[in-house]
Amino acid sequence: MSAQQAANPPETGASAKAIDIPATIVVRELAELLHSTAIEVIKELMKNGVMASINQSVDYDAAAKVASGLGYEPHLQAEEKITVKRKEIEEDASKLKPRAPVVTVMGHVDHGKTSILDAIRETNVTEKEAGGITQHIGAYQVEIEGKKITFVDTPGHEAFTAMRARGARATDIAVLVVAADDGVMPQTLEAIDHAKAADVPIIVAINKIDLPDANPDRAKQQLSERDVIIEEWGGDVIAVPVSAKTGAGLKDLLEHILLVAEVSELKADPDRPAEGTIIESELDPSRGPMATTIVRTGTLKIGDIIIAGDTWGHVKAMFDEKGQRLKTAGPATPVKIMGLSEVPRAGDNLTAVKDERTAREEMEARERERTAVAQHTTTLEAFSSDISAGRAKELDIVLKADVQGTLEAVQQALEGLSSDRARVKVLHTATGKISESDVMLARASEGIVVGFNVRSEPGAVRISEAESVDIRHYDIIYKLTEDIENALKGIMEPIIEEIVDGHAEVRAIFRVRGNRIAGCMVTDGVVRRNSQARVKRGEEVLGESRVSSLRRFKDDAREVQAGVECGIGVEGFGEFQEGDVIEAFHTETKA
């Protein structure tokens, strides 16, 4: 595109060109749709108080303002058929029936989580079953007084939160195990905060009451200090003393789980197509990809066509925790499935569909959703732009500091910044380095991680980059409060930094299918297909657009390095002359 073309969009008014824009769109794609440059689109977004990088998604309202500003008449693109199909199978209230609760057991290591799960399972399952073989499927059901409870055997609250970060509400109730002799420990506190962030009811199981140094009252006191106040102390959290070793209190614990479930009125429609959550998966050498799912609603049957995350297939066989084959699995039933083409991830949603064509359409729709989610970055700048656009009310923060005194002071300062327009919610506080668990909690809650006088563990940095979670380090309190205050006011602006990737000198001009292509030598750096580009003649910029085609001899190329000849096409620009320079660049959003 020439500079003149970029400066003269379609006329506004009656002659304005109508354009369909989807509910969410990536900035780069919006620029292409509007025949503009990403820089122009980003500028228009900034004028309207929306801060977004080239790879971030914006909603229709923001995109429509940009389109209007560039002389187009925007319209919301009609929803695709697959969305209509999804709506057709929404729950029918008249068909809902009570279902079993799904329970996750969490707690500090060595406090007896596994022992309680084994004891509930009727103690030492491996010794009781024939040949000492247990079919581990990551979840199992127990029955008490004719009612069922499904237990999810996750490795810990990290797995629980990782599933939630992928959009899965895998459990209805969290059982928090606290050892009566040990009391509340750091991992107990993490488990509490993870359960609270997920907004699930908590039942406390005070374990090891059979030990001589057991002190349940001390555990209750420590819990109340973390705002987990049990019923006998005037709160609403049930606490049950148990012993995994002797079995004391376990029946009482199960009855209380059923009571909480009854209050929650958990229901599902068993007659509709099945939907569920993958809780674990593996590649079996003889059976191929295997996945354990808990059916949330509907009934899963042998032969069903299913989609799970990035993969799909037919249900060839289903097994329960005892290894017995099943023909059907109803709501809240844990079941191991054989028949998917690849191994899905824990937290992926499983859906049964009517035929293979629907499966392929659904896979395409999910891919678009995943792209939009992947491009949504959880940063302070993104939150600030959401505030200015009226899309956010609460900033969730995971806070780490070097010592307890500093932690309390920083938390108090942050919470004091809350106003009627937006408030700060500190999800979790602890001393020490920023961990992977901290990042996953922030990711699941769409929050940020703040470290004061502490560093991040290497694993935490890797996950933050992969999951696009903002980790911010501070050592001066007023700098921290200033940034958060600006974000809450919606006035925190990112710095859009331009990074030059490489240059190519025009040596010849060719015409291919009516388009003028520049025969070039890449003089430095690298030129990539779809990269932003500007054409320069001396110091004059002739046009700014993107690299629409890149070829080596007769083959398309993704990128061309320095010292290599290539053909370059620049979208909307063809007035090349020998000696012109094509500058390839990209933009990055900096804090």
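Let's start with strand E6 (residues 102-107) and strand E8 (residues 147-152), which pair in the parallel sense over 3 bridges. Strands here are DSSP runs of E with at least two residues, helices are runs of H or I with at least four, and both are numbered from the N terminus. Two strands pair if DSSP finds at least two bridges between them. One of the residues involved is Val102, whose bridge partner in E8 is Thr150.

This is a predicted model, where local features need pLDDT of at least 70 and side-chain atom pairs count only at pLDDT 80 or more, while totals for chains, interfaces and linings use all residues. Residues are numbered from 1 along each chain as its sequence is written, and side-chain values use heavy atoms, leaving out hydrogens and water.

Finally, hop over to Arg472, in strand E25 (residues 471-474). Is Arg472 buried or exposed? At 9% relative accessibility, Arg472 counts as buried (buried is under 20% relative accessible area, exposed over 50%, partly exposed in between, with a 1.4 Å probe and protein chains only). The C-alpha atoms of Arg472 and Gly451 are 6.2 Å apart, though 21 residues separate the two along the chain.
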